[in-house]
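Here is a short briefing for someone meeting this structure for the first time. It begins with a question about rings, and then turns to the chains, their contact and their charged side chains.

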Number of protein chains: 2
Amino acid sequence: MLYVKTPEEVLAMIDSEFAPLEGTEVVSLRDAMGRILAEDIAAREYVPDFDRSTVDGFAVRASDTFGCSDAIPAILPLQATVLMGEGADFILNEGECVAVPTGGAVPKGADGVVMLEYTEDYGDGTIGIAKPAAPGMNMIFRGDDVYPGKVILKKGRVLSSADIGALAAIGQVRVKVAKRLTVGVISTGDELVPPEVQPGPGQVRDVNSPMLEAMLTAFGCNVINYGIVIDDEALLAEKVSKAISQCDAVLLSGGSSVGVKDAACRIIESVGQLLLHGIAIKPGKPTILGKTGEKPIVGLPGHPVAAYFITKLFVQPLLGRLTGRDMTAYTVTARVTESISANHGRAQYHCCRLTRKDGQLYAKPIRGKSGLITTLAGADGYFCIDRDCEGLPQNAEIQVIITSGV
Amino acid sequence: MLYVKTPEEVLAMIDSEFAPLEGTEVVSLRDAMGRILAEDIAAREYVPDFDRSTVDGFAVRASDTFGCSDAIPAILPLQATVLMGEGADFILNEGECVAVPTGGAVPKGADGVVMLEYTEDYGDGTIGIAKPAAPGMNMIFRGDDVYPGKVILKKGRVLSSADIGALAAIGQVRVKVAKRLTVGVISTGDELVPPEVQPGPGQVRDVNSPMLEAMLTAFGCNVINYGIVIDDEALLAEKVSKAISQCDAVLLSGGSSVGVKDAACRIIESVGQLLLHGIAIKPGKPTILGKTGEKPIVGLPGHPVAAYFITKLFVQPLLGRLTGRDMTAYTVTARVTESISANHGRAQYHCCRLTRKDGQLYAKPIRGKSGLITTLAGADGYFCIDRDCEGLPQNAEIQVIITSGV
């Protein structure tokens with residue numbers, strides 16, 4: 001007999017019952033954005049590889065400029081001019097200076113750069129320096145940024161554009177990433193018709209297939225949509241078997257009637273192991289989790305809002321676990337615009353719309369009697385009322401997970 | 001003569017100098033995730049289109065159950081059984097009941113559903129009802145969710161997975177969205193080599209091309225990467241002309257030397273109008289903005305961190321403006337782990353890493369002498385020290401824009 005589990009217990013079960021899959025692949029930098037790093041990335045060289053100037057000016061031995069000023073400039077012969085993109089393979093002579101552009105190489109011996117603004121070219125091969133250089137001033141030294149062996153990105157990281165920039169900087173133009181998971185999506189229910197079909201009496205459109213496909217594709221998965229299966233255990237078993245053979249994970253949604261839920265449990269038990277039947281959460285209680293080998297099979301509620309939350313809260317962490325993905329998420333602080341009651345004993349989730357007023361962010365819970373998916377159109381995020389909380393008063397501070405995207 | 005502008009002035013200039021482009025296209029729901037809606041979406045029908053039960057149970061006239069209890073159940077003849085996916089095109093007789101599954105149609109006349117748990121099938125064609133139904137109980141009525149003409153998504157919305165679900169629910173399987181912008185990226189600088197090349201003396205790898213390509217692709221643009229152009233005004237002018245003819249917007253990055261910046265200004269003036277030269281921001285001051293017709297040309301700083309911030313702070317809002325995109329963004333509240341000084345008179349941006357301790361989020365600024373892009377590897381977000389602020393003490397509360405992704 002399986003008991004209803006708390007969300008925390010379900011997340012712990014995901015960690016203990018599943019492990020990162022072995023599959024990795026090597027992709028070019030151009031295809032790396034948003035992918036999950038499958039190894040730590042360490043620099044293999046110095047960045048920068050040479051001492052550089054951060055300004056247009058003159059490289060000097062700082063000590064040659066000590067005490068100089070507008071009134072009494074240091075007058076230093078110009079030894080050479082460094083061009084952009086060329087090396088400076090010589091040593092700065094004592095008492096002389098070298099012209100360098102921003103980003104240009106600074107010759108050995110120099111330990112500071114004086115900005116052009118504080119210098120004067122006397123036209124006779126000497127430069128007047130009107131401001132002393134402190135050692136290290138206006139320079140980046142070799143390896144200041146990174147050095148060989150320094151880990152700059154950790155395994156599990158979802159690569160961002162700044163990360164791509166950093167990888168380019170160290171010449172790491174190919175990276176090992178977790179393979180994209182292939183996830184099968186099956187909708188069940190005699191009442192379902194595809195979204196493009198006008199529902200007849202008693203029928204509704206299949207919302208879960210397109211919604212799950214969009215969610216999981218954006219999450220980096222390949223999705224195989226197996227369409228709608230009627231409530232027939234043999235047909236469903238056949239479809240699930242096919243999906244298991246083709247996918248890394250299978251999501252079965254619907255079967256909101258008792259008979260079908262039992263069928264889903266029986267099918268999972270016939271091909272593997274049933275791990276969970278029911279989560280103490282609202283919406284989304286009638287959730288099933290099982291596995292066959294390393295592959296998870298999830299029975300999502302048929303109600304689209306419930307399917308939405310279960311996918312955000314448990315399926316994405318599960319798929320994250322299979323790919324070793326860092327699942328750290330951040331919340332935005334807001335005040336709830338109206339009091340809201342909750343069922344003691346179940347974590348309760350609400351989508352909300354956010355507005356800003358006088359610098360304060362306000363979250364308006366999206367409810368309405370039905371809680372159907374169309375009410376979630378235009379949602380900006382969601383929040384949770386904890387299991388042990390009986391509700392929230394107006395203006396209570398809440399933490400919102402953002403789901404709308406800039 | 002163009003003066004350095006504040007970030008607010010630059011954003012206002014973007015709004016006044018540029019307008020949404022006309023181009024839209026119609027895509028299927030499968031391709032709509034993350035796209036920018038080009039029209040308001042209104043429902044064209046009722047959802048649900050029929051009265052539905054939210055539980056497995058018996059539809060009743062609520063008044064027939066008033067006063068019933070465990071001890072004295074209301075005994076109602078079973079008039080019919082509604083099957084999932086079928087209509088209920090009859091009227092519930094007074095004093096009778098109808099079996100309905102979760103999600104099933106409720107016949108006319110019924111105004112409540114009693115859950116299976118509170119009923120008993122006597123096996124003689126009658127059902128015992130042990131709990132009274134309040135009118136409306138366990139039902140969703142026709143149009144509760146949406147009704148014809150109700151706007152469920154507004155123009156400019158970046159479509160989320162919940163939005164896709166809502167569109168499926170109302171049968172809107174094709175949506176009009178803004179065309180993807182084509183953005184040209186050109187890197188300039190004699191010192192640049194492609195990321196895959198080992199830099200020689202005085203050379204550095206081109207970070208901006210791959211970084212900008214990743215940022216803008218993730219932002220929904222098609223990117224044409226024109227590669228590296230040496231600091232030669234004629235060559236650069238030719239490349240810019242080509243990019244203008246092929247793209248909706250052109251980003252020129254680099255030219256950190258004074259001569260090249262002047263060249264970029266001259267090139268923009270020769271093909272259009274120079275709007276801006278310099279933003280009171282750190283990093284990123286040497287930024288140029290111009291336009292030719294409706295097309296923006298941006299001269300980004302060559303320094304990758306500066307190019308990164310200018311793209312996040314101004315180029316994305318500019319591309320958002322061209323596509324009518326809702327650019328609402330949210331911030332996460334954190335405390336800064338160390339005191340940090342700032343240049344009075346310029347808005348100053350820092351990337352940071354976030355950690356959570358005892359429920360409090362802490363932001364560690366990423367600095368280091370160089371501020372080169374590799375130090376930004378693994379950043380979780382960024383924050384701003386306002387122009388009029390001289391710095392932040394340790395533990396000061398800051399607002400962080402998240403850039404790392406779950």
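How many aromatic pairs does the count come to over all chains? In this predicted model, the count comes to 8 aromatic pairs over all chains.

**Aromatic rings**

- A pair of aromatic rings is described by two quantities, namely the distance of the centres and the angle of the planes.
- In chain A, the ring centres of A:F309 and A:Y382 are 5.4 Å apart and the planes stand at 90°, so this pair is edge-to-face.
- That pair links distant parts of the chain, since A:F309 belongs to helix α6 (residues 304-323) of chain A while A:Y382 belongs to strand β26 (residues 381-385) of chain A, and the two are 73 residues apart.
- Both A:F309 and A:Y382 are buried.
- In chain B, the rings of B:Y308 and B:F309 have centres 5.6 Å apart and planes at 75°, and therefore this pair too counts as edge-to-face.
- B:Y308 is buried, its relative accessible area being 1%, and B:F309 likewise counts as buried, at 1% relative accessibility.
- A cluster in chain A is made up of A:Y308, A:F309, A:Y349 and A:Y382, which are linked by ring pairs.

**Charges over rings**

- In chain A, A:R325 lies over the face of A:F219, at a distance of 3.9 Å from the ring centre.
- In chain B, the charged end of B:R325 sits over the ring of B:F219, and the distance to the centre of that ring is 3.8 Å.

**How the two chains are related**

**Where the chains meet**

- The contact draws on 89 residues from chain B and 90 residues from chain A.
- Of the interface residues of chain B, 100% are also interface residues in chain A, so the copies meet through the same surface.
- Between them, chain B and chain A bury about 6,900 Å², and 60% of that area is on carbon and sulfur atoms.

**Salt bridges between the chains**

- Over all chains, a search of the whole structure finds 26 salt bridges, and the count between chain B and chain A is 6.
- One of the bridges joins the side chains of A:E213 and B:R30, with a distance of 2.8 Å from N to O.
- The side chains of A:R205 and B:E45 also meet in a salt bridge, at 2.8 Å from N to O.
- This pair joins two chains, because A:R205 lies in strand β15 (residues 204-205) of chain A, whereas B:E45 lies in the loop between β2 (41-42) and β3 (52-53) of chain B.
- A:R205 is buried, with a relative accessible area of 8%, and B:E45 counts as buried at 16% relative accessibility.

**Salt bridges within a chain**

- B:R387 forms a salt bridge with B:E8, and their closest N and O atoms are 3.3 Å apart.
- This pair links distant parts of the chain, with B:R387 in the loop between β26 (381-385) and β27 (391-392) of chain B and B:E8 in helix α1 (residues 7-17) of chain B, 379 residues apart.
- At 27% relative accessibility B:R387 counts as partly exposed, while B:E8 counts as exposed at 51%.
- Another salt bridge is formed by B:K364 with B:E338, where the closest N and O atoms are 3.2 Å apart.
- This pair also links distant parts of the chain, with B:K364 in strand β25 (residues 360-365) of chain B and B:E338 in the loop between β22 (332-336) and β23 (340-341) of chain B, 26 residues apart.
- B:K364 counts as partly exposed at 45% relative accessibility, and B:E338 counts as partly exposed at 22%.
- In chain A, salt bridges that share partners join A:E8, A:R387 and A:D388 into one network.

Methods: Residues are numbered from 1 along each chain as its sequence is written. Chains are lettered from A and ligands numbered from 1 in the order in which they are written. This is a predicted model: local features need pLDDT of at least 70, side-chain atom pairs count only at pLDDT 80 or more; totals for chains, interfaces and linings use all residues. Side-chain values use heavy atoms; hydrogens and water are left out. Contact means heavy atoms within 4.5 Å. Rings of Phe, Tyr and Trp (its six-membered ring) pair if their centres lie within 6.5 Å; planes under 30 degrees apart count as stacked, over 60 as edge-to-face and the rest as tilted. Helices (H or I, at least four residues) and strands (E, at least two) are DSSP runs, numbered from the N terminus. Buried means under 20% relative accessible area, exposed over 50%, partly exposed in between (1.4 Å probe, protein chains only). A charge sits over a ring if NZ of Lys or CZ of Arg is within 6 Å of the ring centre and within 35 degrees of the ring normal. Buried area is the accessible area (1.4 Å probe) that two parts lose on being put together, summed over both. A salt bridge is a side-chain nitrogen of Lys or Arg within 4 Å of a carboxyl oxygen of Asp or Glu.
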